[in-house]
Amino acid sequence: MQPLDLIVIIAYLVGSAWLGLKLSGKQANIKDYFLGGRELPWWAVCLSVVATETSALTVISVPAVAYLGNITFIQVAIGYLIGRIIVAVVLLPRYFRGEMTTAYEYLGQRFGRGMQSTASVAFILTRLLADGVRLFAAAIPVKVILDSYGLHLGFFPIIAILSVVTIAYTFFGGIKAVVWVDVLQMALYIVGGIVALIFVTTKLDVNFWTEAADAGKTQIFDFASSPISAPYAFITAVIGGALLSTASHGADQIIVQRLLTTRTLRDAQKAVIGSVIVVFFQFALFLTVGLALWSYYERRTIEELGLTHSDQIFPTFIVEGLPSGLSGLLLAGILASAMSTLSSSLSALASSTMSDLFERHSTRKLTDHQGLRLSRVFTLGWGLVFIGAGALFTGTDNPVVELGLSVAGLTYGGLLGAFFLGLWVPRARQADAVLGFTVAVALMTYLFLFQPELVGFTWYTAIGVIVTLGLGFLSSRRHPAAPAETGVVQTADAGSGL
């Protein structure tokens, strides 16, 4: 590493904060702060959605997946397409019809404020853990850089610096700043991935794809592995990917908030379906990088490379194998992917806290100015909490992308199941939804903590949906038959049973 690389990285951090503030414009109320006045173009939202869901996990960990195994991970993108079509057709029309600020307002209208608050709290806790993993992932390449200079800092101060820069432009600029900086950040890490692939292939004396194919590493479809325990078996990857995408893009406020910033329902639908095309390209790019690195490092294991875990493979190549300046550019791209997700999470957590918890339970009526100021306080508060959450993770034996998806799967199934329960079971009341959701989250937490080898993480969302729907349906049979559904049945807390 050369001083030029550090200059590039510092310039990126300062430039991101400046650009976010420059493009954010003025916010007069909560709607401006959290929804950008509902005037953002669909293509920018589409790219922002991809940048948000990508994070540093994709950039540094997906190459590790291919390096250690093969490229069957890409099957998940097939499921993503199915899931996003469901979101576009089933869920988005309801959000736009109700002029909602968060995804969980539907649950509040359908079941009552108790379910809305339960879903919001579950989202907050899961987001803290999942993005703690993402922050840890972003700190890995930074630590590699500093170690090369003999500066052996721990992960915590690195996480703190990244968080402070991201908090700055999110605090002042709101969702509009987040979206436009996301567009820049996504372009940066995609260009970085392409540059890395070009450089690694120029250093090889063999055709890395042919070498990988001979070793069986170019396998795309896996019809042979167990669909229960193997996360990338075809059925598992497609069904799991579909449900994961339906939950993440239809029931997770971090994505739904973005889609609600578009001008019309049709724009939101174009943004969510178009995002899967970009995601497929991303997966293909970074999996190919992993195969190329496998040839570049002559098939050596993690231990033979002197690394502690697989997610260091790509950052190590960036530091050691690229010329000065380009190393800094690619590392800035990795930081960009992490910061885009963190800024999105801050905005989503603040909006959910404000709309689903404070406004839902407080009797105090705020002016536009007071509401905007309190929303910024929530953004700052969650930013400080994120620093602590990122410090919880100090290492993992598996690629960190799998850990991040596993954590997200703890509540995704319960949330999606609660949405489906409200749509498909007219008799269901708030008590039924809370019961199914609580049991689903408890079961997934048990599997994640104590039986991680029993079920592949791609099944987590499916199991959560089945448990929530099944228990909610059975519990609802004790209630009288409800009139035919036309959208929202019980509003407020009427007949909730709580």
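Helices (H or I, at least four residues) and strands (E, at least two) are DSSP runs, numbered from the N terminus. This is a predicted model, in which local features need pLDDT of at least 70 and side-chain atom pairs count only at pLDDT 80 or more, while totals for chains, interfaces and linings use all residues. Residues are numbered from 1 along each chain as its sequence is written, and side-chain values use heavy atoms, with hydrogens and water left out.

**Exercise 1. The chain as a whole**

Task: State how many helices and strands the protein chain has, and describe the confidence of the model.

Solution. Step 1: The protein chain contains 17 helices and zero strands.

Step 1: Confidence is read from pLDDT, the predictor's confidence in each residue, from 0 to 100. Its mean over the protein chain is 81, and 87% of the residues reach 70 or more. Over residues 485-498, however, the pLDDT is below 50; this stretch has 35 contacts in the model beyond near neighbours in sequence, a contact being heavy atoms within 4.5 Å.

Step 2: Of the 498 residues of the protein chain, 62% count as buried. Buried means under 20% relative accessible area, exposed over 50%, and partly exposed in between (1.4 Å probe, protein chains only).

Step 3: Among contacts with a separation of 6 or more, 87% join residues 24 or more positions apart.

**Exercise 2. The nonpolar cores**

Task: Determine how many residues the largest nonpolar core has and which helix gives the largest share of this core.

Solution. Step 1: A nonpolar core is a set of buried Ala, Val, Leu, Ile, Met, Phe, Trp, Tyr and Cys residues joined through side-chain atoms within 4.5 Å.

Step 1: The largest one has 139 residues, and those with the most contacts inside it are Tyr95, Leu107, Met115, Leu259, Leu293, Phe314 and Phe419. Helix H7 (residues 155-202) supplies the largest share of this core, 21 residues. Apart from this core lies another, of eight residues, including Ile30, Phe34, Leu372 and Phe378.

Step 2: Take Phe419 as an example. Leaving aside neighbours within four places in sequence, Phe419 is in contact with Leu91, Tyr95, Ala103, Tyr104, Tyr106, Leu107, Gly250 and Ala251.

**Exercise 3. Two helix pairs**

Task: Decide whether H4 and H9 are roughly parallel or roughly perpendicular to each other, and do likewise for H11 and H12.

Solution. Step 1: Two packed helices are described by the angle between their axes and the distance between the axes. Axes are lines fitted to C-alpha atoms, for helices over the stretch in contact, and angles run from 0 to 180 degrees between N-to-C directions. Angles under 35 degrees count as roughly parallel, over 145 as roughly antiparallel, 65 to 115 as roughly perpendicular and the rest as oblique.

Step 1: Helix H4 (residues 76-97) packs on helix H9 (residues 234-250) at an angle of about 30°, with the axes 7 Å apart. H4 and H9 are therefore roughly parallel to each other. Residues of H4 including Leu91 and Tyr95 meet residues of H9, among them His249 and Gly250.

Step 2: For helix H11 (residues 265-296) and helix H12 (residues 313-321), the angle is about 65° and the axes are 11 Å apart. H11 and H12 are therefore roughly perpendicular to each other. Here Phe286, Val289, Leu293 and Tyr296 in H11 meet Ile313, Phe314, Phe317 and Gly321 in H12.

**Exercise 4. Selected residues**

Task: Find where Ile71 and Thr52 lie, and decide whether Ile71 and Thr52 are buried or exposed.

Solution. Step 1: Ile71 is in the loop between helix H3 (42-68) and H4. Its relative accessible area is 8%, so Ile71 is buried. Although Ile71 and Gln219 are 148 residues apart in sequence, they are 6.1 Å apart in space, C-alpha to C-alpha.

Step 1: Thr52 is in helix H3. With a relative accessible area of 2%, Thr52 is buried. Not counting residues up to four places away in sequence, Thr52 touches Asp182, Ile254, Ile255, Arg258, Ser340, Thr341 and Ser344.
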